[in-house]
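Dear colleague,

Please find below the structure that I am handing over to you. My notes on it come after the display.

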Amino acid sequence: MPRGKVRVLIVDDSASVRQILLTILSEDPEIEVMATASDPFVAAKRLEKELPDVIILDLEMPRMDGLTFLRKIMAQHPIPVIICSSLTEEGSNVMFEAFEAGAVDIVPKPKIDTRQALLECSTRLREAVKSAARARVRPRAERRAIEKKLTADAIIPPPVQGKVRPTTERIVCIGASTGGTEALNDVLEMLPPHCPPLLIVQHMPAGFTAAFARRLDGVCQIRVKEAQDGEPVLPGWAYIAPGARHMLLQRIGLRYQIAIKDGPPVSRHRPSVDVLFRSAAQHAGANALGVIMTGMGDDGARGMLEMKKLGAATRAQDEDSSVVFGMPKEAIAHGGVEKIVSLHQIPREIMLWYQAGHPAVAG
């Protein structure tokens with residue numbers, strides 16, 4: 001993290017968007033807009049003179065598209081890049097190409113149709129910039145080749161000791177933010193088809209989680225989908241919380257199902273990891289495993305402690321393998337983490353824990 005203000009370069013072909021972004025960021029005393037550029041060529045000339053801490057980059061621009069420019073940045077001098085795009089779900093495959101090329105986050109273009117919409121977009125953008133400034137970015141060539149502040153009380157009441165009904169079904173709940181899209185890809189690709197069910201909160205805006213789930217489903221042995229309200233939770237499946245809505249685990253008899261709820265942001269996020277983890281503590285207890293991964297902030301720290309207190313196993317991604325060590329660090333500081341592991345140990349940890357409760361499951 002820079003010692004002074006986070007210095008930002010905005011690259012977008014729209015003068016009005018550049019002005020909106022400039023205004024939003026300039027209102028935060030911890031952020032300074034170093035410059036704005038109308039296209040990557042103008043930006044490249046600026047980068048010859050000085051380097052920002054963070055670049056905000058549009059994807060659809062004349063002369064050179066943002067994805068090409070991103071790849072050049074990451075190959076020549078890696079800088080944390082946030083994609084700020086108005087692309088819809090239909091175009092979001094490009095967004096995941098951007099993540100693979102090295103982008104650390106994505107934020108939608110600011111909406112100014114209502115005061116509340118502008119407020120939420122502004123808060124999200126400023127948090128993304130500060131988070132990106134903490135990110136560890138590396139040239140893409142170094143990437144490992146993969147083998148085949150409301151609390152949760154606003155959404156769900158606190159779990160009560162001794163109120164968890166017995167069940168033998170085991171379930172995994174995962175929370176991630178900055179750097180999580182690629183980290184989750186790494187983890188899910190390594191899981192076998194006979195893995196436990198996984199409920200996943202990845203901080204993402206509305207409209208992108210369905211495409212994210214489809215992308216993962218296409219490369220993983222397990223099935224991956226965007227979660228739907230009321231659907232049963234099944235082994236061999238991973239369920240991604242839909243953007244801008246909370247996901248909770250519920251119990252119907254001895255079986256689990258998913259609940260999708262609206263509500264205010266919790267720990268500044270919607271979906272919130274704290275909400276998912278609290279619901280797991282309440283309805284699964286010792287039959288749950290909580291995993292907190294790369295991301296800025298403290299979302300999930302309180303919920304993970306609640307899981308641990310009700311007998312759940314808990315794991316946190318280590319600092320060396322995290323793009324941003326904020327969320328795991330906070331969970332550790334709150335006392336909710338049993339074990340700290342590297343990113344590439346997480347799939348093994350999940351399966352060892354699952355097999356301990358299901359001896360018949362092959363390794």
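Predicted model: local features only at pLDDT ≥ 70, side-chain atom pairs only at ≥ 80, totals over all residues.

Residues are numbered from 1 along each chain as its sequence is written, and side-chain values use heavy atoms, with hydrogens and water left out.

The UniProt annotation "modified residue: 4-aspartylphosphate", from an unreviewed entry, covers Asp58; such annotations may be inferred rather than shown by experiment. Aspartate 58 lies in the loop between strand 3 (54-57) and helix 3 (66-76). Helices (H or I, at least four residues) and strands (E, at least two) are DSSP runs, numbered from the N terminus. Aspartate 58 is buried, at 5% relative accessible area (buried means under 20%, with a 1.4 Å probe and protein chains only). Its contacts (heavy atoms within 4.5 Å), not counting residues up to four places away in sequence, include Asp12, Asp13 and Lys109.

Strand 1 (residues 6-11) pairs with strand 2 in the parallel sense over six bridges; pairing requires at least two DSSP bridges. Isoleucine 10 stands opposite threonine 36 in strand 2. In strand 2 (residues 31-37), five of the seven residues are buried.

In helix 8 (residues 273-283), 10 of the 11 residues are buried, among them Phe277 and Arg278. Serine 272 caps the N-terminal end of this helix, with a side-chain oxygen 3.1 Å from the backbone nitrogen of aspartate 274. Just after helix 8, glycine 285 has a positive phi of about 55 degrees.

Yours sincerely

Methods. Buried < 20%, exposed > 50% of the residue type's maximum accessible area, 1.4 Å probe, protein only. Polar contact = N/O pair within 3.5 Å; in protein donor to acceptor, adjacent residues only side chain to side chain.
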